[in-house]
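User: Please take a close look at one part of this model and describe its surroundings in a connected account.

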Amino acid sequence: ALVAAAAAPSSRLRSLALPRNRITPRGCRTIGELLASSATLEALDLTANAVAPEGLYDIVVNGILANPGPSMLRDLRLDAAQIGDGVQTVAHLLRSNRSLASLALSFNPFAEH
């Protein structure tokens, strides 16, 4: 319901803050669907959720980068989101997205490769 309402052409949702909501990769799939169709979302906060690398992939590749229009997302907060080995997905986002101005990744232990 949230995705359908937020992705509707009449939606003017600009910011979605969901910190500490126990969101898992399964929930990230739904958030990815929203990002793939949103023309207005500028800020997304998923701080302190169990996003994990799989959820990050859904948010970035199946969400932000899958949006056929220009991305409006300027601020993405993924502090303490357990994204671990998702560093390659973050790199892909940074190479491919021109609108993102702020990316927060603190408290995510990245593996050394």
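Contact here means heavy atoms within 4.5 Å. With that in mind, which residues does Leu44 touch, not counting residues up to four places away in sequence?

Analyst: The model is predicted. Not counting residues up to four places away in sequence, Leu44 touches Leu16, Ile31, Leu35, Leu73, Asp75, Leu76 and Arg77. Leu44 is also one of the residues with the most contacts inside the largest nonpolar core, a group that includes Ile31 and Leu76 as well. That core has 25 residues. Helix 1, helix 2, helix 3 and helix 4 (87-96) each supply at least two residues of the core, and its largest share, four residues, comes from helix 2. In soluble globular proteins, nonpolar side chains tend to be buried together.

Arg77 forms a salt bridge with Asp79, with the closest N and O atoms 2.7 Å apart. Arg77 is partly exposed, at a relative accessible area of 31%, whereas Asp79 has 7% relative accessibility and therefore counts as buried, the limit being under 20%. Side chains of opposite charge can pair when their charged atoms come close.

Both partners of this bridge are touched by Thr47, which also touches Leu18, Pro19 and Arg20, again not counting residues up to four places away in sequence. Thr47 is placed in the loop between strand 2 and helix 3. Its relative accessible area is 13%, so Thr47 is buried. The side chain of Thr47 is joined to that of Asp45 by a polar contact of 2.6 Å.

Glu42 forms a salt bridge with Arg14, the closest N and O atoms being 3.0 Å apart. Glu42 counts as partly exposed, at 24% relative accessibility.

A further salt bridge joins Arg29 to Asp58, with the closest N and O atoms 3.9 Å apart. Arg29 lies in helix 2 and Asp58 in helix 3 (residues 52-60), so this pair ties together parts that are 29 residues apart in sequence. Arg29 is partly exposed at 46% relative accessibility, while Asp58, at 12%, counts as buried. The count of salt bridges comes to three.

Note on methods:
Residues numbered from 1 in each chain as written. Predicted model: local features only at pLDDT ≥ 70, side-chain atom pairs only at ≥ 80, totals over all residues. Heavy atoms only, no water. Salt bridge = Lys/Arg side-chain N within 4 Å of Asp/Glu carboxyl O. Buried < 20%, exposed > 50% of the residue type's maximum accessible area, 1.4 Å probe, protein only. Polar contact = N/O pair within 3.5 Å; in protein donor to acceptor, adjacent residues only side chain to side chain. Core = buried A, V, L, I, M, F, W, Y, C linked by side-chain atoms within 4.5 Å.
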